[in-house]
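Trainee: I have a model open and would like to talk it through with you. Could we go from the overall fold down to single residues?

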Amino acid sequence: RGYANITSLWNTVDWPIVELGDYCFEGCTSLKSLDGIPSGIVSIGSNVFANCLSLADISALKGMNLYDIPESTFRNCRGLTGVSGLPSALTNICQDAFASCTALKSLDGIPDGVESIGDHAFSNCTSLVSVDALTNSLSYFGKGCFMGCTSLTNINSFSGNLYVLPEDAFRDCTALKNIEGLPTFSVIGDSCFSNCTSLVDCGIV
């Protein structure tokens with residue numbers, strides 16, 4: 001938390017390092033990109049870039065050997081419009097990782113190996129219009145994962161091995177109109193589609 005006023009990661013700390021601790025760059029409101037972060041980092045803590053309100057480019061993560069995006073890593077990064085810069089080795093997107101990223105429009109670019117998306121990971125992403133880019137490897141997403149995504153209008157398909165729609169998954173998605181092409185679910189959790197006031201076609205089988 002000692003870097004609150006930085007605008008760039010170049011020459012910010014003495015590289016090389018292999019780990020970024022919890023809250024390391026949290027609240028760096030003028031930071032616009034992750035350019036300058038070394039590719040040798042193998043672990044990042046929770047809330048590392050949370051509340052970096054101007055952060056718009058995370059493509060520097062692409063070549064890193066990271067398997068997890070930890071809790072609240074990019075929470076409230078209001079300038080972030082996409083996730084195409086995520087590491088190709090990624091398997092887990094943890095709780096609240098992208099919560100309240102209000103400019104996030106698409107999940108295009110989520111790596112094919114992602115298996116798990118945690119509770120509230122994309123909640124209150126009010127510009128998100130589609131979740132169709134979820135991967136073939138996906139076997140779990142958590143409660144409230146897309147809650148409050150008020151621009152989400154259609155769910156056309158989910159790839160992967162999903163058998164449970166958790167509680168509050170799409171709660172308060174007030175623009176959601178159509179649900180089509182979803183697999184057969186064993187469980188649909190409490191309040192999964194609560195307050196989806198525009199929903200007219202629910203094609204869950």
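Mentor: Let us begin with terms: helices (H or I, at least four residues) and strands (E, at least two) are DSSP runs, numbered from the N terminus. With that in hand, the protein reads along its sequence as β-β-β-β-β-β-β-β-β-β-β. Please keep in mind that this is a predicted model, in which local features need pLDDT of at least 70 and side-chain atom pairs count only at pLDDT 80 or more, while totals for chains, interfaces and linings use all residues. Residues are numbered from 1 along each chain as its sequence is written, and side-chain values use heavy atoms, with hydrogens and water left out.

Trainee: How many helices and strands are there in the protein?

Mentor: The count is zero helices and 11 strands.

Trainee: And what are the overall dimensions, along the principal axes?

Mentor: The C-alpha trace spans about 55 × 25 × 25 Å along those axes. The radius of gyration is 17 Å, which agrees with the value near 17 Å for a compact globule of 205 residues; that radius is taken over C-alpha atoms, and the globule rule is 2.2 Å times the number of residues to the power 0.38.

Trainee: How much of the protein counts as buried?

Mentor: Of the 205 residues, 47% are buried, where buried means under 20% relative accessible area, exposed over 50%, and partly exposed in between (1.4 Å probe, protein chains only). The accessible surface comes to about 8,700 Å², and carbon and sulfur atoms account for 45% of that surface; such areas come from the Shrake-Rupley method with a 1.4 Å probe, and for residues only the protein chains shown count as cover.

Trainee: What share of the contacts is between residues 24 or more positions apart?

Mentor: Among contacts with a separation of 6 or more, 52% join residues 24 or more positions apart, a contact being heavy atoms within 4.5 Å.

Trainee: Switching to sheets, which strands form the open sheet of four?

Mentor: That sheet has the order β3-β4-β5-β6, and its pairing is parallel. Its edge strands are β3 (68-69) and β6 (140-141), each of which pairs on one side only. Two strands are said to pair if DSSP finds at least two bridges between them, and β5 (residues 116-117) meets β6 in the parallel sense over two bridges. In that pairing S116 has Y140 of β6 as its bridge partner.

Trainee: What is the order of the open sheet with three strands?

Mentor: The order there is β7-β9-β11, again with parallel pairing. At its edges are β7 (154-155) and β11, each pairing on one side only. Two bridges link β7 with β9 (residues 178-179) in the parallel sense, and the bridge partner of I155 in β9 is I179.

Trainee: On backbone angles, what should I make of the phi of D96?

Mentor: D96 has a positive phi of about 60° although it is not a glycine. Most residues other than glycine have a negative phi. D96 sits in the loop between β4 (92-93) and β5, and it is buried, with a relative accessible area of 16%.

Trainee: Where does N195 lie, and is it buried or partly exposed?

Mentor: N195 is in the loop between β10 (187-188) and β11 (201-202), and at 40% relative accessibility it counts as partly exposed. N195 has a positive phi of about 65°, again without being a glycine.

Trainee: Which residues does G40 touch in the model, beyond its neighbours within four places in sequence?

Mentor: G40 is in contact with I17 and V18. G40 also lies in the loop between β1 and β2, and it is partly exposed at 41% relative accessibility. G40 and N65 are 25 residues apart in sequence, with 7.7 Å from C-alpha to C-alpha.
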